[in-house]
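Let's take a friendly walk through a structure together. Keep the view open as you read, and look for each part as it comes up.

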Amino acid sequence: MDLLIPEVGTIIWMLIAAGIVFFILVKWGFPMITRMVDERDEYIDKSLLAAKEANERLAGIQNECDELLKETRAEKARILKEATDRRDEIIAEAEARAKESGEKLIADAREQIRLEKEEALRSMRRQVAELSVQVAERVVLKELSTDEDQLLLIDRMIDDVKTGK
Amino acid sequence: MALMLVVSVPAAASDTETAKDETVDVKGIIFGHLKDSYHWHIITIGEKEISLHLPVMLYSKVSGWHFFSSRELEETGSYEGFHITDEGAHAGKLVETLPDGSQLKPLDLSLTKVALGVIINSIMLCVIVMCTARWYRRHKSTDPAPGGFVGLMEFVVAMIVDDVIKPSVGKDYKRYAPLLLTIFFFILLSNIMGLIPIFPAGANVTGNIAITLTLALVTFFTVNVFGNREYWKEILWPDVPVFLKAPIPLLPFIEIIGIFTKPFALTVRLFANITAGHAIILSLTCVIFITAKMGPVIGAPMTVLSVFFMIFMNLLELLVAYIQAYVFTMLSAVFIGLSRPEEHHAKEKVKVNDENTLTT
């Protein structure tokens, strides 16, 4: 039975010890811990929300990216096509121009050749004429002693000239 | 832990054996451990007993103040007219023998085993919680969560706050959370310290009714000092047919008794649970010494069996240590919640909760 009777002295000791402990822990101990736990919970909630938001934005960005990519692809295809066209055009143009200039060159060359040929012919003729004149001179000087001969020669020469032509 | 108990109990057994020779004084051993004492027996090595003699402080109406060490009581059993009585309501306590032969119980302010245990536990609790709080003072809420011991403390604190205090107290639970957490950790630590049988631990603190009474008084005052108007109205003028409260205040009378039965229930529940657990473990320990007298054939298997049961009981008591701290805190939280009703309907819901928890 004596176990069930609270001893006043023990109560007083308990009141003193527990009073001090309760005062310290209620004032400085547990509020520190609970406040921090609450703050962290709040922080985690906020972080989760932020993460969700970021995810959403990321998804948006992804979409945007996809769209941009699609657009870019289209643009690329367009540019490529344009470039191909342009290339073909340029090539065609260049070909045309090259052809033209080639023709012109050939024409020029031909003209040149013709002129040179004419020139050459002309100079050749002159030389031949000179040569024939000289030959004639010589022949005339040597063989124009007789009249018959002279006449024969003249005839021949004229014939020559005729056939030469 | 069970092993330690086995080590420490033979010491106690041997000193009762020398007193009563051959028989094992089971009752003496068990009550010697359950009850408070003026000295703290630590260990007996061979013939030499090592124990802590605690200061005795007495105030007698007849002879005034007395201060002495409990060592003085050892040789003759009495000192300055005081001796430890064996019978009556004050068995195990110091009483004064007056010149006319009658006995008087003085005001006993001695630093007894339990009182010292309370102080040791208090210091330990302060150190543990303040060390934990220091971690929080040095960190920001954006830092990663703590690990190790601080993490364990945070886990327990968060669990008690979220599972017990928040649902039981209700709206402004944050105001009461530190107090209820302190109650929880004080009881938990005291319970566990009571299970460890070697020196700084080992005092049967929460198995002392004065301690549990003081703890219940903390709840009692918190409930009744911070109770709001609605609480007092429900006690003095409850919402029942008038004939139950008008000529004879039947229901107010019951409600007022209820104010006092709540802390009483808290006191007895904790005290009885811890005392019973300790008594069972000590009884199982005594089985070893009783059966050892009957010879090795009975003694050996019974010792093995008793050690097995002691391990089981110690683990069970560890669970009980936690459950009782939990229950005390939860009931305190419920009582506080009841003392702050907001409106009628909200209150009824809490009351149902309360009845459910009371039956456990």
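Helix 2 (residues 26–34) of chain B packs against helix 9 (residues 250–293) of chain B at an angle of about 145 degrees, with the axes 9 Å apart. Here an axis is a line fitted to C-alpha atoms, for helices over the stretch in contact, and angles run from 0 to 180 degrees between N-to-C directions. Helices (H or I, at least four residues) and strands (E, at least two) are DSSP runs, numbered from the N terminus.

This is a predicted model, in which local features need pLDDT of at least 70 and side-chain atom pairs count only at pLDDT 80 or more, while totals for chains, interfaces and linings use all residues. Residues are numbered from 1 along each chain as its sequence is written, and chains are lettered from A and ligands numbered from 1 in the order in which they are written.

Which residues make the contact between these two helices? Helix 2 of chain B brings B:Val26, B:Ile29, B:Ile30, B:His33 and B:Leu34, and the residues from helix 9 of chain B include B:Thr275, B:Leu282 and B:Ile290. Two residues count as in contact if their C-beta atoms, placed from the backbone, lie within 7 Å. The residues of this helix contact divide into 8 nonpolar, 4 polar and no charged. In this scheme Ala, Val, Leu, Ile, Met, Phe, Trp, Tyr, Cys and Pro count as nonpolar, Asp, Glu, Lys and Arg as charged, and the others, Gly among them, as polar.

Now step back to the whole chain. Chain B has 11 helices and 9 strands, and 37% of its 360 residues are buried. A residue is buried if 20 or more other C-beta atoms lie within 10 Å of its own, exposed if 12 or fewer, and partly exposed in between, with C-beta atoms placed from the backbone. The domain assignment, which is automatic or from a database, gives domain 1 (55–110) and domain 2 (114–359) of chain B. Taken over C-alpha atoms, the centres of these two domains are 33 Å apart.

Next come the strands, which count as paired if DSSP finds at least two bridges between them.

| Strand pair in chain B | Bridges | Sense |
|---|---|---|
| Strand 1 and strand 2 | 6 bridges | antiparallel |
| Strand 3 and strand 4 | 6 bridges | antiparallel |
| Strand 5 and strand 6 | 2 bridges | antiparallel |

Between strand 1 and strand 2 of chain B, the hairpin has 2 residues, and B:Gly46 takes a positive phi near 65 degrees. B:Thr44 has B:Glu49 of strand 2 as its bridge partner. Is strand 2 of chain B buried or in the open? Of its 6 residues, the number buried is 0, so strand 2 lies largely in the open.

An open sheet of 3 strands in chain B has the order 4-3-9, with antiparallel pairing. Strand 4 (64–69) and strand 9 (107–108) of chain B stand at the edges with a single partner strand each, so one side of each has no neighbour in the sheet. B:Pro55 stands opposite B:Ser69 in strand 4 of chain B.

Another open sheet in chain B has 4 strands in the order 5-6-7-8, again with antiparallel pairing. In the loop between strand 6 (82–84) and strand 7 (94–97) of chain B you will find B:Asp86. B:Asp86 is exposed, with 8 other C-beta atoms within 10 Å.

Finally, the contact between the chains takes 35 residues from chain A and 45 residues from chain B.
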